[in-house]
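Dear colleague,

Please find the structure below, followed by a short account of what was found in it.

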Amino acid sequence: MSTNEVEAQLQQIDQVIAQFAAAHDLKPTPPQPEPAQIDRRAFLQRGAATAGAVAIAGTLQMFMARRAEASNGNAHGRGRVGGFDTDIGVVPSPYGEPVPTLDETTGLPLLGLPPGFRYWSFGWTGDPLYPAVPGLVTPPMHDGMGVVREIGPLAILCRNHEASAGTSFLNGALQYSPGAPGGNTNLVFDRRHQKWLLSWPTLSGTVRNCGGGVTPQGTWLSGEETLGSTTDPADPTRSFPHGWVFDVPAIGTSNGKPIRAMGRRNHEAAAVDPKTGVVYLTEDGSPGGFYRFTPQHRHDYQRGGKLEMLKVMGRPNANLQGSNPLGGGGAPYPVPAGAPLDVSWVEIADPENLIAASNFSQGLAQGGAIFRRPEGTAYRDGIIYFVCTDGGRSGNGQVFCYDIEEQQLVLLYDAPSQNELDNPDNMIVTPRGGLLFCEDNSGSPSYLLNGVSTERLVALTRDGRIFTFAQNLVDFGGGTYSRPNNAVVFTGNQRANEWAGACFDSSGEWLFANIQTPGITFAITGPWRSGPL
Amino acid sequence: MLRSPRTRLLLLAVAATAALSLAMYGWRQAEAVAAVAAPPPAPSTVTPAPATVAATSPPSPAPLPEGWLAPPYSSEVREAIDAVADLGDPAALDDVVELADSVTALNAAQRTDAAPRF
């Protein structure tokens with residue numbers, strides 16, 4: 001084939017192509033730019049190298065932080081307790097350090113959250129409740145809270161109010177005592193439309209409803225943290241002893257009747273073992289005990305049950321309060337942190353204290369263990385976690401694990417300083433397996449953020465990292481803030497007030513939490529899956 | 001240039017292959033464009049089987065309980081019902097109506113009972 005022949009055939013091919021393109025309205029592909037300066041493989045290699053460098057740097061930073069912390073005396077020795085690494089140290093937040101974030105509802109910078117997180121406030125103290133009865137408003141002192149039921153996109157929460165002075169905010173079947181201001185309100189949040197819808201009263205006439213716990217049957221156990229009594233303002237001869245747990249439903253209202261068999265004491269929180277229905281209960285006392293209640297009927301606590309207090313086998317009245325002398329401690333923890341203690345349970349035969357002085361004294365007489373302000377508690381995978389707010393070597397808090405099957409108690413964490421963890425109160429196990437603590441400094445010197453006492457949500461991950469997830473930045477300064485249809489005037493710096501009521505919905509996309517004073521509830525969402533909570 | 005018969009043959013083969021590929025590409029493109037631009041087919045005289053329609057259509061909302069938008073429901077409660085009604089889940093709808101009825105009953109009770117204490 002000659003050159004001319006080849007060129008002729010090439011021209012013919014060009015013509016065929018041109019005719020085909022014209023017939024189908026095809027345009028020639030514009031000239032492509034020069035291949036990128038870095039091809040895909042090189043890009044991936046470079047990206048992997050960058051990611052690797054970042055990961056190594058991050059790991060190194062965490063490692064160094066943990067080593068530095070360990071050198072300050074926080075090393076418990078390597079091991080695992082309740083699924084958690086006991087070599088615990090402070091790290092930067094894996095979600096990013098909290099930054100002042102505006103409330104989607106009010107536009108106020110109420111919280112410090114990691115970048116990408118958003119929140120909606122609702123149910124401020126004094127906000128109208130449903131039904132729209134004049135004067136029926138949200139009680140103060142928001143405390144423990146849980147997601148008790150979900151209906152499609154709606155999350156129903158039950159919220160405690162730790163009010164102690166005043167009279168009942170609503171009468172009717174839901175009321176226990178006319179002379180007590182505490183109780184519960186339920187709230188509905190539409191997760192799809194990111195909108196709070198309503199809240200209504202569900203329990204009234206109680207005192208200091210502090211912590212609580214969600215039951216497997218979708219109710220909320222609301223505990224009174226008091227041993228006092230109130231009287232009916234209209235009839236002072238009618239006296240109402242307090243210190244009970246009440247069962248509050250997700251829909252409707254409670255019957256205002258205490259679960260007497262769960263005992264009368266300074267109740268805090270509850271966690272239910274879903275396998276057995278046994279309820280584990282903390283007592284916010286210094287000293288205080290750790291209890292369990294085995295109900296006759298796991299869905300109806302009013303039918304009674306057996307109340308018991310934890311005892312360390314072979315160590316009568318084991319002092320587990322920690323070495324800090326404040327609050328009655330002062331004794332070294334009896335075994336190295338991380339070492340298990342075998343436990344048994346002693347029965348509290350008189351849970352209503354009709355004859356005995358107290359639940360605690362009954363347990364103590366039988367060798368029950370002594371803790372220092374047991375408060376928040378939560379269940380996950382056969383383990384009951386609970387905190388002692390003021391316990392430990394520094395008085396800044398302890399975290400215990402109780403293995404239900406092994407019947408062993410282990411001290412997982414003993415906060416070395418307020419900078420690391422400042423008096424944990426309510427706590428939860430997060431969807432991705434971490435622990436999240438609501439700080440409540442209870443009047444002790446608190447963590448300072450830029451020189452200002454600030455309470456935080458602090459997280460502990462399964463691999464032993466502890467970090468600040470969120471900050472309370474509620475500060476009205478010298479000004480005031482008022483809300484529609486709300487007579488309360490909000491003012492002053494509220495940053496040192498406790499977090500409370502942290503709880504996740506079942507999707508793991510929404511965290512709900514309270515700032516107790518001035519009393520605000522938040523729905524928080526963001527890139528949760530990018531971190532360990 | 002192109003003095004070697006082998007080179008010329010090779011070049012011709014490459015050119016032919018490229019042309020064929022381009023032609024195929026163009027044909028597919030034209031076919032795709034034609035498919036998009038084609039007018040809708042004339043209405044068929046055959047009615048699709050209901051099962052086919054059900055399988056490809058989103059679930060239709062469950063029938064609402066009679067009186068679900070009854071006047072006693074406030075705007076907040078209606079909003080809660082609406083949020084669930086969109087799902088078309090009868091069980092969820094039952095639950096939210098139970099919620100709506102309970103708070104509405106509380107409302108009614110509070111309006112008829114003695115004034116609450118504060």
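**Strands and confidence in chain A**

In this predicted model, a hairpin of 2 residues links S13(A) to S14(A). Strands (E, at least two residues) are DSSP runs, numbered from the N terminus. Strand S13 covers residues 229–232 of chain A and runs antiparallel to S14(A), with 4 bridges between them; two strands pair if DSSP finds at least two bridges between them. Asp232(A) is found opposite Asp235(A) in S14(A). Strand S14 (residues 235–241) of chain A has 7 residues, of which 0 are buried, so this strand lies largely in the open. A residue is buried if 20 or more other C-beta atoms, placed from the backbone, lie within 10 Å of its own.

There is also an open sheet of 3 strands in chain A, in the order S11-S12-S15, with antiparallel pairing. Strands S11 (209–214) and S15 (245–249) of chain A are at the edges with a single partner strand each, so one side of each has no neighbour in the sheet. Strand S12 (residues 219–224) of chain A is joined to S15(A) by 5 bridges, and Thr219(A) faces Pro249(A) in S15(A).

The average pLDDT (the predictor's confidence in each residue, from 0 to 100) of chain A is 88, and 85% of the residues score at least 70. In residues 26–76 of chain A, the pLDDT is below 50. Where pLDDT is low, the predicted coordinates should not be read in detail.

Residues are numbered from 1 along each chain as its sequence is written, while chains are lettered from A and ligands numbered from 1 in the order in which they are written. As this is a predicted model, local features need pLDDT of at least 70 and side-chain atom pairs count only at pLDDT 80 or more, whereas totals for chains, interfaces and linings use all residues.

Yours sincerely

Technical notes
Contact = placed C-beta atoms within 7 Å. Buried ≥ 20, exposed ≤ 12 C-beta atoms within 10 Å, placed from the backbone.
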